[in-house]
Amino acid sequence: MKDSEVLDKISKGDESALDYLYKKYYRMMTNLVIKNNGTEQEAKDIYQDALVVFWQKAASGNLVLTSKISTFLYSICLNLWRKELERKSRLVHDQKDGAEYSGHEQEEKAKIIHECINGMGETCRKILSYHYFDGLSMTDIAEKLGYANTDTAKTKKYKCKQKLYQLVKSKYSKSDFLD
Amino acid sequence: MNKNLTNEEFVNRYLDNELSEIERLDFENKILHDSELREEYNFQKDLIEGIKETRRLELKSRLSNIPINTPLYQTIGFKAVAIASITASVGIGAYYLFSNTNDIQLSDIDLNSNQLTLTEEVDIPKIPEAITPIFKEEPKKEVVMDVISQEKPKTEAVAKNTEAVEPKIIHPNVIQPDIVETFEEEDVTPKEINIDPQINNLDEIKENVESTVEISTVKDKRNKFHYKFFENKLYLLGNFNDMPYEIIELNTSKGKSYFLFYNNSFYKLNSEQVKPAPLVKIENDSLVNELKIIQSNQK
């Protein structure tokens, strides 16, 4: 598959293009991490993160690629791995991190939200993901989910967001979430 | 701005980029002083972050489920990679390795072809993948990889031509017999082994005649994969206890013929053979197929 074909597929939200890229560059990208003091697992993790970043950029259709996909992916991997190495060295240097408690609280919140999202129907999950993460236009979303028109998709998205809003609100009690 | 807009709606529109320029500025000014609005904003921001994170995890888990070959050959050169992957594959004989390194000939298919079919399924597609580490850190060399992966269709073509042939696994670890000129009886410590009851069935081929031959397996250091007939008794010399074997007895116009089926291969047993002789695999395809038919009829 040519780079342009891959990008075209991703911009339409075709996840098989992601699978294709994953397999194609797996060795190359994971080796970059492994050669730089990373484990196989870390390498895999970084590479997956990099691909997801790439996906997000490409899916929105706003990505103008001036290099090959492989080169671009390579630089994302490199950046992510550098950040990870920095994070790891910070972790070693200042073990007693004061932000630990608030970090924990944030994690709890995220967990509740995550559960609520997974508790919603597939359509809602998709529509919200496509809108907020993939950055697909409402026209694309309507097409992808088989809605008659953009307005239907917009209404649906609004309702789904409302639903999630209510769901999460109900799970939080004032004491453990709101200041 | 519409005064009736709730905080929830106000934040929602702000985050979805649905406010006009004036409304946006108004929002950003208001949020500095209005703690409730700030609270609402943080709440919705968390929701969106949650949506993004869930999607991120979903995509990652999708990727995690894609099988990737184990990194067997990270630092080895191409030739080594090719050889390693060939020898590592199950059911590919040394014979294949030989024929593979000497260019596959379409005309020379018969026996090898079976292995090629298997190879195509098991191994060949992996090779281009395994090659990628050699060009690590050099995305530009993609061209080279593409060239190598073009080998794949070629092998496919070979495999296609051989689809009609029934696949047969030939195990690489066939013990190569040492040819022994003299047989020393004292080396042999005959040991009676209970014969697999199956063999009795197999003996009845055409006329339901009871087998006339008795079988014994003998562990023998010198004769690792040999046989002999002695006083109307068949001795299998070597380690025959690890894997099941079958003896096929055929009544033919010229008398009885015996065959050994062991480790997915057939071996001819000559009943005139009194001295230990190495077991020689039958390579004749039509004979092998006939024996397979006989064998399956017995089961």
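## Salt bridges between the chains

A salt bridge is a side-chain nitrogen of Lys or Arg within 4 Å of a carboxyl oxygen of Asp or Glu. Chain B and chain A share 8 salt bridges. One joins the side chains of A:K157 and B:D16, at 2.2 Å from N to O.

## Basis of the model

This is a predicted model: local features need pLDDT of at least 70, side-chain atom pairs count only at pLDDT 80 or more, and totals for chains, interfaces and linings use all residues. Residues are numbered from 1 along each chain as its sequence is written, chains are lettered from A in the order in which they are written, and side-chain values use heavy atoms, without hydrogens and water.

## The interface

The contact (heavy atoms within 4.5 Å) takes 51 residues from chain A and 41 residues from chain B. About 4500 Å² is buried between the two chains, 59% of it on carbon and sulfur atoms. This buried area is the accessible area (1.4 Å probe) lost when two parts are put together, summed over both.

Across the interface, 14 residue pairs are in polar contact, both residues at pLDDT 80 or more. On chain B, α1 (7-15), α3 (35-64) and α8 (142-149) each supply at least two residues of the side that touches chain A. The largest share, 19 residues, comes from α3(B). Polar contacts are N or O pairs within 3.5 Å; within protein, one atom must be able to donate a hydrogen and the other to accept it, and residues adjacent in sequence count only if both atoms are side-chain atoms. Helices (H or I, at least four residues) and strands (E, at least two) are DSSP runs, numbered from the N terminus.

## B:S265

B:S265 lies in strand β6 (residues 265-269) of chain B. B:S265 is buried, with a relative accessible area of 3%; buried means under 20% (1.4 Å probe, protein chains only). Leaving out residues up to four places away in sequence, B:S265 touches B:L260 and B:K281.

Technical notes:
Buried < 20%, exposed > 50% of the residue type's maximum accessible area, 1.4 Å probe, protein only.
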